[in-house]
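Here is a quick tour of some side-chain contacts and helix packing. Keep the viewer open and follow along as we go.

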Amino acid sequence: MCPPRTDNRRKVLSKERSRETLSAHSRLSDHPHVNPVLEVVVGPTRTCLVFPPARADLHAHVRSRRRLPEHEARPLVAQIARTLAAAHRAGLVLRDLKLRKFLFTDHNRTEVKLESLEDAVVLSDPEDDWLDVKHGCPAYVSPEILSPGGRYCGRAADCWSLGVLTYAMLVGRYPFHDPHHAGLFTKIRHGAFTIPDSLSPRARCLIRSLLRRDASERLSAQDVLAHPWFHEPLPNPDPTDQCVPSI
């Protein structure tokens with residue numbers, strides 16, 4: 001049902017999921033850091049969405065580099081935060097915010113775009129972002145999503161994921177890690193993590209402001225863009241200061 005193979009990327013979704021995805025994309029159709037839908041091919045039971053080609057994803061890049069120095073990571077985090085802030089203003093909760101979802105669009109790997117909005121929730125009331133469907137990559141889920149039953153604030157959960165993503169880019173591993181999901185989720189619920197002293201004080205401040213156990217205390221995506229880390233001069237990185245990757 002999809003068009004002949006080219007370098008374009010494809011997503012084959014259920015009819016219901018494709019409608020939700022197209023609705024989400026319509027709200028961010030002109031955003032510079034969101035992949036546009038190039039073509040829609042409707043089949044009897046499923047729909048194929050066609051997206052532009054892209055280079056490596058951000059996860060593969062960080063893994064190959066071991067971690068990114070702050071002067072390289074900062075503009076990428078800013079692009080991701082602007083994308084998240086625009087989504088939240090448009091009444092969308094991304095839900096599955098992670099490194100793999102962002103694709104490079106240039107050879108120098110300085111510009112990224114969100115792969116697609118297939119996991120996003122379109123809020124019927126932009127003022128009410130309480131969700132009850134629990135979704136996301138285990139390493140990125142927030143403590144409240146792991147709570148049994150109940151609802152959680154979708155925008156705040158996205159901002160927790162942004163904190164995990166930023167930590168992983170700068171440190172080269174996730175803030176919470178364990179070979180077993182049960183152990184990982186216990187660590188996330190407790191919310192205890194360490195940040196290497198090699199990071200600048202403002203980078204450490206940004207991460208701590210996003211990875212707060214209390215969802216009401218986290219920075220919003222819009223507040224992230226005003227954080228001093230994005231507006232301070234950064235020292236040249238020490239090429240000998242590296243950590244073993246585990247993402």
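## How two helices meet

A contact here means heavy atoms within 4.5 Å, and helices (H or I, at least four residues) and strands (E, at least two) are DSSP runs, numbered from the N terminus. This is a predicted model, in which local features need pLDDT of at least 70, side-chain atom pairs count only at pLDDT 80 or more, and totals for chains, interfaces and linings use all residues. Residues are numbered from 1 along each chain as its sequence is written, and side-chain values use heavy atoms, with hydrogens and water left out.

Let's start with α5 and α7. On the α5 side, Cys159, Trp160, Leu162, Gly163, Thr166, Tyr167 and Leu170 make the contact, and they meet Ala203, Leu206, Ile207 and Leu210 of α7. Sorted by type, the residues of this contact come out as nine nonpolar, two polar and no charged. For that sorting, Ala, Val, Leu, Ile, Met, Phe, Trp, Tyr, Cys and Pro count as nonpolar, Asp, Glu, Lys and Arg as charged, and the others, Gly among them, as polar.

As for geometry, α5 and helix α7 (residues 201–210) pack at about 145°, and their axes are 8 Å apart. Axes are lines fitted to C-alpha atoms, for helices over the stretch in contact, and angles run from 0 to 180 degrees between N-to-C directions. The α5/α7 crossing is left-handed, meaning that the near helix is turned anticlockwise from the far one by less than a right angle (right-handed if clockwise).

## Aromatic pairs

Rings of Phe, Tyr and Trp (its six-membered ring) pair if their centres lie within 6.5 Å; planes under 30 degrees apart count as stacked, over 60 as edge-to-face and the rest as tilted. The count by this rule is five aromatic pairs. One of them is stacked: tryptophan 160 with phenylalanine 176, at 5.7 Å centre to centre and 10° between the planes. This pair links distant parts of the chain, with tryptophan 160 in helix α5 (residues 154–171) and phenylalanine 176 in the loop between α5 and α6 (181–190), 16 residues apart.

Tryptophan 160 and phenylalanine 176 are both buried, where buried means under 20% relative accessible area, exposed over 50%, and partly exposed in between (1.4 Å probe, protein chains only). Tryptophan 229 and phenylalanine 230 pair edge-to-face, with 5.1 Å between centres and 65° between the planes. Tryptophan 229 is buried because its relative accessibility is 0%, and phenylalanine 230 is buried at 15%. Ring pairs also join Trp160, Tyr167, Phe176 and Phe193 into a cluster.

## Salt bridges

How many salt bridges does the structure hold? There are nine, each a side-chain nitrogen of Lys or Arg within 4 Å of a carboxyl oxygen of Asp or Glu. Arginine 65 bridges to glutamate 72, with the closest N and O atoms 2.8 Å apart. Arginine 65 is partly exposed at 33% relative accessible area, and glutamate 72 is partly exposed at 27%.

Lysine 101 and aspartate 119 also form a salt bridge (3.1 Å, N to O). Lysine 101 sits in the loop between β4 (92–93) and β5 (102–104), and aspartate 119 in the loop between β6 (112–114) and β7 (121–122), 18 residues apart. Both lysine 101 and aspartate 119 are buried, the aspartate with a relative accessible area of 15%. Setting aside residues up to four places away in sequence, aspartate 119 touches Arg17, Val93, Leu94, Arg95, Asp96, Lys101 and His135.

Then there is aspartate 129 with arginine 155, whose closest N and O atoms are 3.6 Å apart. Aspartate 129 lies in the loop between β7 and β8 (130–131) and arginine 155 in helix α5, so their bridge ties together parts 26 residues apart in sequence. Aspartate 129 counts as buried at 7% relative accessibility, as does arginine 155 at 19%. Elsewhere, salt bridges that share partners join Arg9, Lys11, Glu115 and Glu118 into one network.

Glutamine 79 is in helix α3 (residues 70–89) and is buried at 4% relative accessibility. Apart from neighbours within four places in sequence, glutamine 79 contacts His33, Thr110, Glu111 and Val112.

Leaving out neighbours within four places, alanine 87 is in contact with Leu28, Leu92 and Leu94. Alanine 87 and histidine 31 are 56 residues apart in sequence, and 9.5 Å apart in space from C-alpha to C-alpha.
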